[in-house]
Amino acid sequence: MNSRSAMFQLKSYEFRREREKSWRELDRLLVMAESRGLQSLSAEELARLPILYRSALSSLSVARAISLDRNVLEYLESLAERAYFIIYGAKRPFLTFVLDFILYEFPAAVRRFGGECTLAAAFLLLGAATGFLLTLDDMDRYYSMVEASRAAGRDPGASTESLRNELYSVVEHSGVLSYFAASLFTHNSLCGLLAFVLGILGGIPVFIILFSMTGLELGAMTALYYDRGLVWDWLGWVLPHGVTELFAITLCGGGGLALARTIIWPGEGTRLANLANGGREAGKLLFGSLILFFIAGMIEGIFRQTVTNIYIRFGLIAGSVIFWFVYIVVAGGARATRRAGGAT
Amino acid sequence: MTAEADFLQNAPRNAREILTPEGVPLRFEVASVGDRAAAFLYDGSILAAVLAGITFIVAMTASLLGFTGSAWIRTIWVLLFFMIRTSYFIYHELRAKGSTPGKRRVGIRVMDQHGGPLRTEAVFIRNITREAELMIPMVAIFAPESVYPGAPAWAALPSAAWMLIFSALPFIHKSHMRAGDLLAGTLVVHTPRTILYGDLVSSRTEGPESDATNFIFTQQQLDIYGIYELQVLERVLRERGLPNNAETLRAIAEKVKLKIGWNKERWDVPARPFLETFYAAQRGRLEHKLLFGRRQERKKK
């Protein structure tokens, strides 16, 4: 074969000559989009992008079939990948997503996983009831159910007067209690996070966390205050933020159980694929519960230290319960029927 | 691309083939654990600097306004800390479509594992579970009994071990997915950047064809080598200017001449023009066979 004529016989060379210009154009647009964002492209350039991307993909397919020039093959692959990233990035702007999430996605997710959340709540209540009854029966069991650091002096050894005072202390004692609030926020959100993530390992870790880490402790402390005749004061102290917080933990547990379900009963897909799908849906529960933990922390930090009137406290408890109930049951419902109606 | 062709890279590629919505498969190179750790360290230091700055500002404001020692400040600081830590990654991954400053520096990014668009829920879930992945091993190492409080003593150690495995998932998993990636269905890959060089077939020195540079190969001679050898030759020819390139070319030229049975009377030829011509002819021959569906990967023995 003659050396010069070889050049003209190579189809891959011809192919490249035809298409190289559009590759270079795509490269130029991608460099602009990558360095300064899509908004730096003009309207015509934006309209060119998908066309050039698809033609790059087609060039890649052809090159894979007829060309042995490794540089061209690698280049086209990387060009297509870069264009792919620019075109298929995350879509919705942040604020729209947040509003959408709060008003629609989150309540819908809670409703969808209603069964799992109810089961998680049952675990929690079972733990609380068990802790309550066992501690009432033998006050010494308190020490094995409540860690000393979290009890912070509120144990059977303390006097009734000191227990009562702590429930109604105001700003002077806020030093200890506010920091306690902050650590409570992270401790209980750790419980919640663990309950969710360990859902991968099946339902049992979730059960253990809800039952023992949260439930028993709650039950034991309630028993202590009940024993001293302070149960309503105790409930008035813990429930204003407790309603929100326990709700959040229940959601985390429900999410964890949902994850367990995707693995144990995968349905059609493979277990891992199912886990990924279920994870994204159940993850909404987790994210929403983080917001709830934050709200609970705020109530705890601000409200609890300043308001000591027991009627106001119970008012807030009732208000929280009603609010969350209405929010979950009602929010986004109208849009759901509108979407369904629009689809048909 | 064949497995052999991958040897041409300096290190074996951990590639994952993803089907784009257009139906063309793209081979993305999965990021190694080291790359991800480096990106995370980089992001972590930026985050630490931001948090340190905020702590400083909060402390200064507090002392100026006379709030020192107030637990309010501490509460606000703890909550702020948590929020910023969580939202740093989420914000960047949403805004920059899957990359953070640290990831950009290392050259990796997040994508959906099935080639679809990177969903916002996925970004949230993969970042929130990072808290669990970091906290669990720390808690398990330093205080295994508090991971499952109230569990019998014999359960504490295996459960701690199990959770350490859980956090070591990136090392075990083939595509280095961590738990957050599994739950979100995401993958972390390298962002490729290849430069398009000229076609070797056309870049040979122009000039009058003389007997000295006019090399002709028979079809039998061109049927010996395969695609792998062709692409190795391509790489060496492109490395013009690198040290030892001339010697490498000479060595290769000798081997080629021996293998194909080059005319002994014209044995002494300049290496580069010879190999450039051989490359063009060889590629033409192999591509011709490719069009008929005959793909010869390696040389005949």
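Is V110(A) buried or exposed? V110(A) is buried, with a relative accessible area of 7%; buried means under 20% relative accessible area, exposed over 50%, and partly exposed in between, with a 1.4 Å probe and protein chains only.

## About the model

This is a predicted model, in which local features need pLDDT of at least 70, side-chain atom pairs count only at pLDDT 80 or more, and totals for chains, interfaces and linings use all residues. Residues are numbered from 1 along each chain as its sequence is written, chains are lettered from A and ligands numbered from 1 in the order in which they are written, and side-chain values use heavy atoms, with hydrogens and water left out.

## The two chains

Chain A has 15 helices and 0 strands. Helices (H or I, at least four residues) and strands (E, at least two) are DSSP runs, numbered from the N terminus. Of the 344 residues in chain A, 54% count as buried. Contact means heavy atoms within 4.5 Å. Among chain A contacts between residues at least 6 apart in sequence, 77% join residues at least 24 apart.

Chain B contains 12 helices and 4 strands. It has 301 residues, of which 47% count as buried. For contacts in chain B between residues at least 6 apart in sequence, 70% join residues at least 24 apart.

V110(A) is found in helix α5 of chain A, residues 94-112. Not counting residues up to four places away in sequence, V110(A) touches L251(A), L285(A) and I328(A).

M139(A) sits in a loop of chain A, between α6 (114-137) and α7 (142-145). It is buried because its relative accessible area is 19%. With neighbours within four places in sequence left aside, M139(A) is in contact with P156(A), A223(A), L224(A) and D227(A). Along the chain, M139(A) and D155(A) are 16 residues apart, and 9.3 Å separates their C-alpha atoms.

## A pair of helices in chain A

Two packed helices are described by the angle between their axes and the distance between the axes. In chain A, helix α9 (residues 160-168) and helix α12 (residues 231-264) pack at an angle of about 35°, with their axes 9 Å apart. Axes are lines fitted to C-alpha atoms, for helices over the stretch in contact, and angles run from 0 to 180 degrees between N-to-C directions.

α9(A) passes α12(A) in a left-handed crossing. A crossing is left-handed if the near helix is turned anticlockwise from the far one by less than a right angle, and right-handed if clockwise. On the α9(A) side, the contact is made by E166(A), L167(A) and Y168(A); on the α12(A) side, by D233(A), W234(A) and W237(A). By class, this contact has 4 nonpolar, no polar and 2 charged residues. Ala, Val, Leu, Ile, Met, Phe, Trp, Tyr, Cys and Pro count as nonpolar, Asp, Glu, Lys and Arg as charged, and the others, Gly among them, as polar.

## Cavities

On a 1 Å grid over the protein atoms alone, a cavity is a set of points where a 1.4 Å probe fits but cannot get out, and lining residues have an atom within 4 Å of a point. Grid points are joined across faces, edges and corners, and a volume is the space filled by probe spheres set on the points. The count comes to 6 cavities of 30 Å³ or more.

The second largest cavity holds about 60 Å³ of space. It is lined by 11 residues, and the closest to its centre are F85(A), Y88(A), V110(B), M111(B) and L118(B). Two elements give two or more residues to this lining: α4 (70-87) of chain A and β3 (108-112) of chain B. The largest share, 4 residues, comes from β3(B). By class, the lining has 6 nonpolar, 2 polar and 3 charged residues.

## Selected residues of chain B

E287(B) is placed in helix α12 of chain B, residues 271-291, and is buried, with a relative accessible area of 4%. Neighbours within four places in sequence aside, E287(B) is in contact with L10(A), S12(A), I66(A), S67(A), L68(A) and D69(A). E287(B) and I227(B) are 60 residues apart in sequence and 9.3 Å apart in space, C-alpha to C-alpha.

H176(B) is not a glycine, yet it has a positive phi of about 55°. It belongs to the loop between α7 (169-172) and α8 (179-184) of chain B, and it is buried, with a relative accessible area of 16%. N244(B), also a residue other than glycine, has a positive phi near 70°. Its place is the loop between α10 (227-238) and α11 (245-260) of chain B.

Definitions and conventions: 1 Å grid on protein atoms, 1.4 Å probe; cavity = no way out; pocket = protein on both sides within 12 Å on 5 of 7 lines; lining within 4 Å.
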